[in-house]
Amino acid sequence: MTEIQLEEDPGRIDNIAVLSGPTIAQDLAQKAEMCAVIAAYNLDTAADLQNVFTTDHFRIYIEEDVIGVELGGAIKNVMALGAGIADEMGVTESTKATYATRALAETTRFGLALGAVEATFSGLSGYGDLSLSCFSRATRNHRVGMKF
């Protein structure tokens, strides 16, 4: 989406940011301890947003890899569908862990091909978001996968 925004109006580059991480809205509402990451082309924008979103229980980290954070937050949705399907099929925990590991590897390869930074995928918007989505039945995409 950020590429589309930049194609439409390159002058908006300083106002574009993405937020991703292993968070569930109900946990945020219950003030559970959690973290997420904001990536922006302009780090001042990221810092401003960090100040807006950070609370005593919700910590925001800043990242420069907009593409990686954006892809990590998007691709995990598809992978969570597969994890939900696997759960409904009754696979073992070992099989789910294998699936999630391979999903991270494929997500990383895809991200690198599109210009992302490899290390981003071992962080909150990669491993963190993917593992929550693959292993928690509380996530929307995981539940949808189970219904398939």
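Predicted model: local features only at pLDDT ≥ 70, side-chain atom pairs only at ≥ 80, totals over all residues.
Residues are numbered from 1 along each chain as its sequence is written, and side-chain values use heavy atoms, without hydrogens or water. Local features need pLDDT of at least 70 and side-chain atom pairs count only at pLDDT 80 or more, whereas totals for chains, interfaces and linings use all residues.

Helix α4 spans residues 66-89. Helices (H or I, at least four residues) and strands (E, at least two) are DSSP runs, numbered from the N terminus. The 24 residues of α4 reach 35 Å from first C-alpha to last, close to the 34 Å expected at 1.5 Å a residue. That expected span is 1.5 Å times one less than the number of residues. The helix is kinked by about 25°, with the kink centred on Asn77. The bend at a residue is the angle between axes fitted to the seven residues ending there and the seven starting there. Just after α4, Gly90 adopts a positive phi of about 80°.

The largest nonpolar core contains 11 residues, among them Leu71, Ile75, Met79, Phe121 and Leu130. Helices α4, α5 (93-113) and α6 (124-135) each supply at least two residues of this core. The most come from α4, which gives four. A second, separate core has seven residues, including Met34, Ala36, Ala46 and Phe58. A nonpolar core is a set of buried Ala, Val, Leu, Ile, Met, Phe, Trp, Tyr and Cys residues joined through side-chain atoms within 4.5 Å. Buried means under 20% relative accessible area, exposed over 50%, and partly exposed in between (1.4 Å probe, protein chains only). Leaving aside neighbours within four places in sequence, Ala103 is in contact with Met79 and Leu130. Contact means heavy atoms within 4.5 Å.

The buried residues of α6 include Ser125, Gly126, Asp129, Leu130 and Cys134. Their cover includes β1, β2, α4, α5 and α7. Ser136 lies in the loop between α6 and α7 (140-147). Ser136 is buried, because its relative accessible area is 16%. Beyond neighbours within four places in sequence, Ser136 is in contact with Ile24, Ser131 and His142. Gln30 lies in the loop between α2 and β2. Gln30 counts as exposed because its relative accessibility is 62%. Gln30 and His57 are 27 residues apart in sequence and 9.8 Å apart in space, C-alpha to C-alpha.

The structure holds one cavity of 30 Å³ or more. The largest cavity has a volume of about 30 Å³. Gly72, Lys76, Leu104, Thr107, Ser125, Gly126 and Leu130 line this cavity. Helices α4, α5 and α6 are the elements that give two or more residues to the lining. The largest share, three residues, comes from α6.

The largest pocket holds about 480 Å³ of space. Of its 27 lining residues, the closest to the centre are Gly21, Thr23, Lys76, Asp129 and Arg140. The elements giving two or more residues to this lining are β1 (17-20), α2 (25-29), β2 (34-40), α4, α6 and α7. The largest share, seven residues, comes from α4. On a 1 Å grid over the protein atoms alone, a cavity is a set of points where a 1.4 Å probe fits but cannot get out; a pocket is an open set with protein on both sides within 12 Å along at least five of seven lines, and lining residues have an atom within 4 Å of a point. Grid points are joined across faces, edges and corners, and a volume is the space filled by probe spheres set on the points.
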